[in-house]
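This report covers the fold summary and the salt bridges of one protein model. The sequence and structure come next.

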Amino acid sequence: MNLLNNVKVRRKLVVSFLIVALFIGVVGGIGIMALENAGKESEKMYTNNLRNVYILKDMEQNLTEIRSSLLSLVYKRLPSEKADLEDNIVKNKEQNDNYISEFEKFQKSEQVKKEYDTFMGYFQQYRDLRENVIKFVDEENYIKAEENLLQTTEVRKKMFESLDKLIQTDLDEAKLANNNIHSTSKLSTTIMWILTFVGFLIAMSLGLLIANDISKPLKEMIDYAKRLSSYDFSSSMSITRKDEFGKRVLS
């Protein structure tokens, strides 16, 4: 308390407000960082995970349609439907090519890269066999076309298994990003509540301390002024401080 008496009133007030402002700034800073982290995780969850899942699911649907068209080409053998079936295959192939180009631009984790490379290996094998089927159908060599179609069965199975793993990996990473958002939000909220409570206690303590520090000498000065107004010079005012209140004119 004696140390506080020796500090100028202006400095005491400034330091007190700076301490309170510091706590407000820290709480605000934590809130801003939490929002930024949540924003980054949300963007990652959409751009790198959920968008990937949409692309891969649509590719899976396209590959299923291509499979259906191939079966019709080889086993139905209807010249009237041949052009439409091949056009459908080309359309789905082009859409998948666009999806692959988009997918490869995204930032990917090591696990996603690994699953993607595996999928692309089977995907390319399946595409080569599929082109052979179409070539033999165009040549009306349905025996060879059927042989190549049968060869696609095992490759297609592995390709779809790999694709499902890739989709699940992206879903798992999206779930992890979502958990990180909730964890960051919960931790930041807890820290802000703690700092707010501590800041409130410090602000109240500083307010009471400084109010008491200022009111005590003021009370002594008022009492001394009252004695002077009554022409009571029996005692002097003694304030042993080094702040503004210690610079007494009367002694």
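## Lys57 and Glu60

Lys57 is partly exposed, with a relative accessible area of 45% (buried means under 20% relative accessible area, exposed over 50%, partly exposed in between, with a 1.4 Å probe and protein chains only). Its salt-bridge partner is Glu60, with the closest N and O atoms 3.9 Å apart (a salt bridge is a side-chain nitrogen of Lys or Arg within 4 Å of a carboxyl oxygen of Asp or Glu). Glu60 counts as buried, at 14% relative accessibility. Both residues lie in helix 2 (residues 9-76), and because they are 3 residues apart they are separated by about one helical turn.

## Basis of the model

This is a predicted model, in which local features need pLDDT of at least 70 and side-chain atom pairs count only at pLDDT 80 or more, while totals for chains, interfaces and linings use all residues. Residues are numbered from 1 along each chain as its sequence is written, and side-chain values use heavy atoms, with hydrogens and water left out.

## Overall fold

The protein has 5 helices and 0 strands, in the order α-α-α-α-α from the N terminus (helices are DSSP runs of H or I with at least four residues, strands runs of E with at least two, numbered from the N terminus). Of its 251 residues, 35% count as buried.

Among contacts between residues at least 6 apart in sequence, 79% join residues at least 24 apart (contact means heavy atoms within 4.5 Å).

## Asp97 and Arg127

Side chains of opposite charge can pair when their charged atoms come close. Asp97 and Arg127 meet in a salt bridge at 2.8 Å, N to O. This pair links distant parts of the chain, with Asp97 in helix 3 (residues 79-105) and Arg127 in helix 4, 30 residues apart.

Arg127 is buried, with a relative accessible area of 12%, whereas Asp97 is partly exposed at 23%. Leaving aside residues up to four places away in sequence, Arg127 touches Lys93 and Asp97.

## Other salt bridges

The whole structure contains 10 salt bridges. In helix 4 (residues 110-138), Glu110 pairs with Lys113, the closest N and O atoms being 3.7 Å apart. These two residues are 3 residues apart, about one turn of the helix. Glu110 is exposed at 60% relative accessible area, and Lys113 is partly exposed at 36%.

Lys82, Glu86 and Asp138 are joined in a network of salt bridges.
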